[in-house]
Amino acid sequence: MAVIDVPITSWAPDLPALGSSAFTKIHNATAARGAAQGTISLNPLKSASLYSNTSMDSRPIGSAIGANRTGDAKVYAGNATKLYKLAPDTRQWTDISRSGGYTTSATEKWKSIEFGSLTIMTNWDNEPQYIDRNIDTQFANLTTLAKGRHIATHKGFTILGSTWDSLDGAVPYRVRWSGIESPGDWTYSAATQADFQDIQGYGNIQGIVTDDSCYILLQRGIVQMTYIGSPYVFQFTERSSKGVSVPESVITVQGAHYFLSDDGWYMLSGGQLQPIGTGRIDQWFLDNFDPAQSSLMTVAADPRETLIYWQFCSKDAEAGKPDMMLILNYSTGEFTTADATTSFIFNSVSLPWTIDMLGSFGTLDAVPSSFDDPVWSGGKSMLWGMSDTGKIYSFGGPTLELSIETPEYQLSKIVPNETGADIARVDAARPLFEGGDGKARVQVGTRSLTNADVSWSDLRETHPETGFAYLRSQSRYQRFRVSIDGEWSRCMGLQIDAKATGRR
């Protein structure tokens, strides 16, 4: 017998299972650095837990956060007809829409920026809205001269992309900006530098992102928008002929911009574009993602980890119900997947709690997170979720069940083999993980030929003393599935007990 150590490596379902060291499945975990170069370890993911049993009258389609001059946290969100703030005393969504509300089309979203003490939100169908976080009573029209689908701020200008005005109507390739340091002034003027630019030849604008520069993301290209002052104000230069296919995929984290293009995932950093999923996960994603429900994608970064979460509807999803998350650890460059346990994810900021307010949960078992979690202190950046009715969730619930699948091995070429046999017998496999409350089970998948279907054994539980799951399986090719449920804390790999067999 020989015990083979199998460390966890990248998840790369686009590679062949045989002959690759990459795992074909890593689900319900995030990828951290491993003990050796080229390996990773897996950290658990918590499910959603109810933070506030509040509601909206329809699905949330956008959010914003900020603080007033004294540092009090502000959380806003919108649906098709209303804009809300999260009341700090009751944790309930409170309608603070302008008089008459809004009429947001089915696939549109609320996008937001902060400009000084203002939070500005736009939904394309209605005039851009603003609220002063120091007053925080009601949203109002920022301007009646222009509407926009996308919004950003750069060099003192408020910028709208994919615009509408009463003179030209809808111009999906137009960028329009306010007067400098005057987000409410949209009258064209050489003095204020308020103006517009149509960007021809790249399709519709899909987003606007900023770092030291401003970039207009279009369907078939990326154009840099550089401030040069009067009389032209901005100069526009092509940076890439690669564009954005799903506007909801765009996110900026630590000066880098991530998005989904027609052929996979990309990062724009320092004006340079690079693929981040090519040959590893791009084809898997495009095969599993349902583009007909792309407007339900939401994206957020975990402020306490180097993680980005894209929540989306797979082709197996129930209509209107996001069921999957793609997760990138942008420090390691590694992807994993997870179950979606809410309908909408967003970056938020915690509101302070008192002991008396905890009574709203009824019992200690119903409290959504441990008492050392930042969710209980005010002003902490958080990853939150919402249901399709606006209930708010933190992510401090039970640990999700880990599921991994190894590459395929011809173990007779790995274990000692004096006879030259090309078949191996697997007697047992031992998952390597930490967390005394975790329970592991193992399956072995076998086939005799590479063009045959894989046949999977039943799940076998691990022995409480040896940690091995006993399999007794003989074949030419083997691969392994491991599931760990309960409260596990880290997974590092697998050990396989096998020997060559089949010749005398």
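The following exercises, each with a worked solution, concern the predicted model shown above.

Residues are numbered from 1 along each chain as its sequence is written, and side-chain values use heavy atoms, with hydrogens and water left out. As the model is predicted, local features need pLDDT of at least 70 and side-chain atom pairs count only at pLDDT 80 or more, while totals for chains, interfaces and linings use all residues.

**Exercise 1. Overall form**

Task: State which secondary structure elements the protein has, and decide how its radius of gyration relates to the globule rule.

Solution. Step one concerns the elements. Helices (H or I, at least four residues) and strands (E, at least two) are DSSP runs, numbered from the N terminus. On this basis the protein has one helix and 40 strands.

Step two concerns the radius of gyration, which is taken over C-alpha atoms; the globule rule is 2.2 Å times the number of residues to the power 0.38. For 504 residues the rule gives 23 Å, and the protein has 26 Å, a close value, so the protein is as compact as a globular protein of that length.

**Exercise 2. Burial, contacts and surface**

Task: Find what share of the residues is buried, what share of the contacts joins residues at least 24 apart, and what the accessible surface comes to.

Solution. First, a residue is buried under 20% relative accessible area, exposed over 50% and partly exposed in between (1.4 Å probe, protein chains only). Of the 504 residues, 55% count as buried.

Second, contact means heavy atoms within 4.5 Å. Among contacts between residues at least 6 apart in sequence, 59% join residues at least 24 apart.

Third, accessible areas come from the Shrake-Rupley method with a 1.4 Å probe, and for residues only the protein chains shown count as cover. The accessible surface of the protein is about 21500 Å², and carbon and sulfur atoms hold 47% of this surface.

**Exercise 3. Aromatic pairs**

Task: Classify the pair of Trp11 and Trp284, and then the pair of Phe157 and Phe234.

Solution. A pair of aromatic rings is described by the distance of the centres and the angle of the planes. Rings of Phe, Tyr and Trp (its six-membered ring) pair if their centres lie within 6.5 Å; planes under 30 degrees apart count as stacked, over 60 as edge-to-face and the rest as tilted.

Step one: the whole structure contains 20 aromatic pairs. In one of them, the ring centres of Trp11 and Trp284 are 5.0 Å apart and the planes stand at 80°, so this pair is edge-to-face. The two residues are 273 residues apart: Trp11 is in the loop between strand 1 (2–7) and strand 2 (25–27), and Trp284 is in helix 1 (residues 282–288). Trp11 is buried at 2% relative accessible area, and Trp284 also counts as buried, at 18%.

Step two: Phe157 and Phe234 are likewise edge-to-face, with 5.2 Å from centre to centre and 65° between the planes. Phe157 belongs to strand 15 (residues 157–165) and Phe234 to strand 21 (residues 233–240), so the pair ties together parts 77 residues apart in sequence. Phe157 is buried, with a relative accessible area of 0%, and Phe234 is buried, with 4%.

Step three: Phe157 and Phe234 belong to one aromatic cluster together with Trp177, Tyr227 and Phe236.

**Exercise 4. Backbone geometry**

Task: Describe the peptide bond from Ser230 to Pro231 and the phi angles of Ser162 and Val233.

Solution. Most residues other than glycine have a negative phi, and most peptide bonds are trans.

Step one: the bond from Ser230 to Pro231 is cis, with omega near 5°. Pro231 lies in the loop between strand 20 (221–229) and strand 21.

Step two: Ser162, in strand 15, is not a glycine and yet has a positive phi of about 60°. Ser162 counts as buried at 1% relative accessibility.

Step three: Val233, in strand 21, also has a positive phi, near 70°. Val233 is buried, with a relative accessible area of 2%.

**Exercise 5. The surroundings of Val6**

Task: Locate Val6 and list the residues that Val6 touches, not counting residues up to four places away in sequence.

Solution. Val6 is placed in strand 1 and counts as buried at 7% relative accessibility. With those residues left out, Val6 touches Phe23, Tyr409, Gly493, Leu494 and Ile496. Finally, the C-alpha atoms of Val6 and Pro407 are separated by 9.8 Å, although the two are 401 residues apart along the chain.
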